[in-house]
Amino acid sequence: MPRKTRESAPPQYLPGHPLPGISYRPEFRQRLVSHTVDGKPRMVEEDYEVMVPVPPRDWDQAVTTAVTTVAALLVTVAVVWSVASIGDLLARAVVAPIAYLAACAFALAWVTCMALEWLARYDAARAAGPRKGGNWALAVDMAFVATHGYVEEALYVGLAGAAVSAIAKKMWSTVMRHQSRPLPARTARWLQDETAEISARLALGAQKRHLARIEGQAAVYAPTAPAALPQDTGRDTGQLSPTVLSAVRAVLATLPDVSHDDVLTHLDRLGLDYDETAVLTALDSEQDSQDSRSEPEPTRLVPPTQTVTESVRTALSSGVRDKDSVVSYVHQIHGSGVPRATIVRLFNREVKAA
């Protein structure tokens, strides 16, 4: 028997012809067609109508939507009833606006727990907490609604109102269980591990940003300062204590050309007790030992008329990368009055800029 060709098929079964038993709806589309005016062709848009088949109605989705709407309506009714009953009960002790605002907490507590339970529907362990909390919140809500009916000498009304909340929550929980899709055991464990890994990355990033912020604040508001010299407990007479001698040597190392009076001034600023004659003797001894050294005194890299920033740049350009060495060099050029924190800040900025 010969095969039917395209031309031998009935017209209603050819492309563009409606098929029996199928609904169609018109749909307007655009296409480019060639149109010539005064001998000049041009592609222009043209509207045309096509019949598009309408898919059959999805009754399963329609029923699911209707059931979800009913459950949401029941939850709304239960919340309104609970707020009205508990608010009227609390209004006996406080003003009405505050009483009704407080009553909202009882109903919204178990509604919020249901929402959290839905968000954790793929993790049974996480969903158990909101489910348990929602049940407790619902029990408290129902107890106060029933108490209001008892106070109003209509206990049956209170019990009916409490039952509304129980029915609404049960209805919503049933809808959620129907719409949820339980995962196989292996898939659930894989999802838990993947979630834990991503959460760990997020937590680590947040902690790193927090530590970086704290470190920046500490560098600005709490810079590292040199340890203070311990103070003497008694006054030196004739012989310097190790503390005073260390202070004298520190001043001479920082300011090689300092005078005797300046050394005494520095000791006074440090609050040290000393014998002036012993200090002067120690100064002469230290300066003589420095002059007798065979090594020449290091020359300054830059003239003292430049700024602190230029001194730091000069030290870095000379190959000095030790922070303490740069601080000592700047103090030799500009004196010890320049704060260490300022030098360290300039040092860090120039190192980053380089």
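A charge sits over a ring if NZ of Lys or CZ of Arg is within 6 Å of the ring centre and within 35 degrees of the ring normal. In this predicted model, R57 lies over the face of W59, at 5.1 Å from the ring centre. R121 lies over the face of W118, at 3.9 Å from the ring centre.

Strand 1 covers residues 24-37 and strand 2 covers residues 40-53. The two pair in the antiparallel sense, over 14 bridges. Y24 stands opposite P53 of strand 2. R25, E27 and R29 are linked in a network of salt bridges.

Salt bridges number eight in the structure. Side chains of opposite charge can pair when their charged atoms come close. R92 and E152 meet through their side chains at 2.3 Å, N to O. This pair links distant parts of the chain, 60 residues apart. R92 is in the loop between helix 1 (59-90) and helix 2, while E152 is in the loop between helix 3 and helix 4. E152 counts as partly exposed, because its relative accessibility is 38%. A salt bridge also forms between E117 and R131, at 3.0 Å, N to O. E117 lies in helix 2 and R131 in helix 3, so the pair ties together parts that are 14 residues apart in sequence. E117 is buried, with a relative accessible area of 12%. R131 is partly exposed, at 35%. The side chains of R349 and E350 meet in another salt bridge, at 3.5 Å, N to O. R349 is partly exposed, with a relative accessible area of 42%. E350 counts as buried because its relative accessibility is 13%, under the 20% limit.

F144 counts as partly exposed, at 30% relative accessibility.

Cysteines were examined next. The structure holds zero disulfides. C104 counts as partly exposed, because its relative accessibility is 25%. C113, at 17%, counts as buried.

A162 has its place in helix 4 (residues 155-179). The residue is buried, with a relative accessible area of 5%. Leaving aside neighbours within four places in sequence, A162 is in contact with M142 and V145. The C-alpha atoms of A162 and A146 are separated by 6.1 Å. These two residues are 16 apart along the chain.

Helix 9 (residues 308-317) has the buried residues T309, S311, V312, T314, A315 and L316. Their cover includes helix 10 (323-334) and helix 11 (340-353). Just after helix 9, G319 takes a positive phi of about 95°.

Conventions:
Residues are numbered from 1 along each chain as its sequence is written. This is a predicted model: local features need pLDDT of at least 70, side-chain atom pairs count only at pLDDT 80 or more; totals for chains, interfaces and linings use all residues. Side-chain values use heavy atoms; hydrogens and water are left out. Two strands pair if DSSP finds at least two bridges between them. Helices (H or I, at least four residues) and strands (E, at least two) are DSSP runs, numbered from the N terminus. Buried means under 20% relative accessible area, exposed over 50%, partly exposed in between (1.4 Å probe, protein chains only). Contact means heavy atoms within 4.5 Å. A disulfide is a pair of cysteine sulfur atoms within 2.5 Å. A salt bridge is a side-chain nitrogen of Lys or Arg within 4 Å of a carboxyl oxygen of Asp or Glu.
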